[in-house]
Amino acid sequence: MFSYMATRVILDITSTLTLCRTPKPKNVDLKSLKSILVTGTTISEEQLQEIRETFPNVLVSQMYGQSEVFSPLTYFDLAKAKHVHFLHTKKGSCGLPMRGTCYKVVDPDTDKVLGPNQKGEIRVKSQMQLGGYYNLDSSGIWDSDGYGYYDEDYCFYVIDRLKEMFPYRVKHITPASIENVINTHPAVLKSVVIGIPHYIDNHHAMALVVLKPGLPNVTGEEIQKYVEDRLDDPFHLRAGVKFVENFPMTPSGKVHRLKLKEMVFNEL
């Protein structure tokens, strides 16, 4: 028997999906569990749906935060009816702003301040942030590295991290936009998209893919066609598809993209 019954858990997406795909032991009772908060990276609607189907009686939400702030930047407070309403109606949102934190979204190339539903770099100022943070602007707002937007109700949507973006010709490519499509393929367990340097076009997108075990093999060309049928031309996998058995991970459970890039570049 268990001495304590969990009511709320906070997990990264890798741990959450692993939990979803692991058979529940017969002696584990989850009736006390009320909410699952997923954080650490961008999360697709398909991933959230899988979690919600696994835990149908649990409120599942995502949070946006930074280690430098020691607290969430945006989240849905499940004790407030307005937040719960938005949780169910704002697909893909990682929540509303935290009280006491200042936000602005700017064009990463021009620093122009943007309005609702305009995508750019999310910058923040919080009483909880580290003192003397590098690269503060004149008002004390720092670059969060988050790329996204807020809507007319001030719900925030984080699309990707700026440092993971790469340029294709004159367009900024967000890997998560491609990964979210690839991950819907029935044979794909998970994927990571990186930019491969190109002499003329700046970068071409390459997908690294882990396939689900026990399913018929799929070719790289099939994955490329799958993406081409669903995304605009700049997001096509011009650098191809590479199949791997697993991804190097950080201690916090995120894909170690730097090591992954080094592995690919060493083979080129």
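This is a predicted model: local features need pLDDT of at least 70, side-chain atom pairs count only at pLDDT 80 or more; totals for chains, interfaces and linings use all residues.
View A. A disulfide would need the two sulfur atoms within 2.5 Å. Cys-155 is in no disulfide either: the nearest cysteine sulfur to Cys-155, again that of Cys-94, is 9.1 Å away. In total, the structure holds zero disulfides.

**View B. The buried side of helix 2.** Here we look at helix 2, residues 45-54, whose buried residues are Gln-47, Leu-48 and Ile-51. They cover an arc of only 100° around the axis, so they sit on the same side of helix 2. What lies over these buried residues? The cover includes helix 1 (13-20), strand 2 (35-39) and strand 3 (59-62).

**View C. Gly-40 and its contacts.** Gly-40 is found in the loop between strand 2 and helix 2. With a relative accessibility of 23%, Gly-40 counts as partly exposed. Not counting residues up to four places away in sequence, Gly-40 touches Arg-161 and Lys-254. Another pair to find in this view is Gly-40 and Gln-66: they are 26 residues apart in sequence, with 8.8 Å from C-alpha to C-alpha.

**View D. The annotated span, residues 178-254.** An unreviewed UniProt entry gives these residues the annotation "domain: AMP-binding enzyme C-terminal". In the model, the span is 18% helix and 31% strand, and its end C-alpha atoms lie 18 Å apart.

**View E. The largest nonpolar core.** This core has 20 residues, and those with the most contacts inside it are Ile-178, Ile-182, Val-193, Ala-207, Ile-223 and Leu-237. Which elements each supply at least two residues of the core? They are strand 11 (166-168), helix 4 (175-182), strand 13 (188-198), strand 14 (202-211) and helix 5 (220-228). In soluble globular proteins, nonpolar side chains tend to be buried together.

**View F. Leu-237 and its neighbours.** Zooming in on one of the residues with the most contacts inside the core, we can follow Leu-237 to its partners. Leaving aside neighbours within four places in sequence, Leu-237 is in contact with Ile-178, Ile-182, Ala-205, Met-206, Ala-207, Ile-223, Gln-224 and Val-227.

Methods:
Residues are numbered from 1 along each chain as its sequence is written. Side-chain values use heavy atoms; hydrogens and water are left out. Buried means under 20% relative accessible area, exposed over 50%, partly exposed in between (1.4 Å probe, protein chains only). Helices (H or I, at least four residues) and strands (E, at least two) are DSSP runs, numbered from the N terminus. The arc is that of the directions from the helix axis to the C-beta atoms. Contact means heavy atoms within 4.5 Å. UniProt positions are given in the numbering used here, feature names are shortened, and annotations may be inferred rather than shown by experiment. A nonpolar core is a set of buried Ala, Val, Leu, Ile, Met, Phe, Trp, Tyr and Cys residues joined through side-chain atoms within 4.5 Å.
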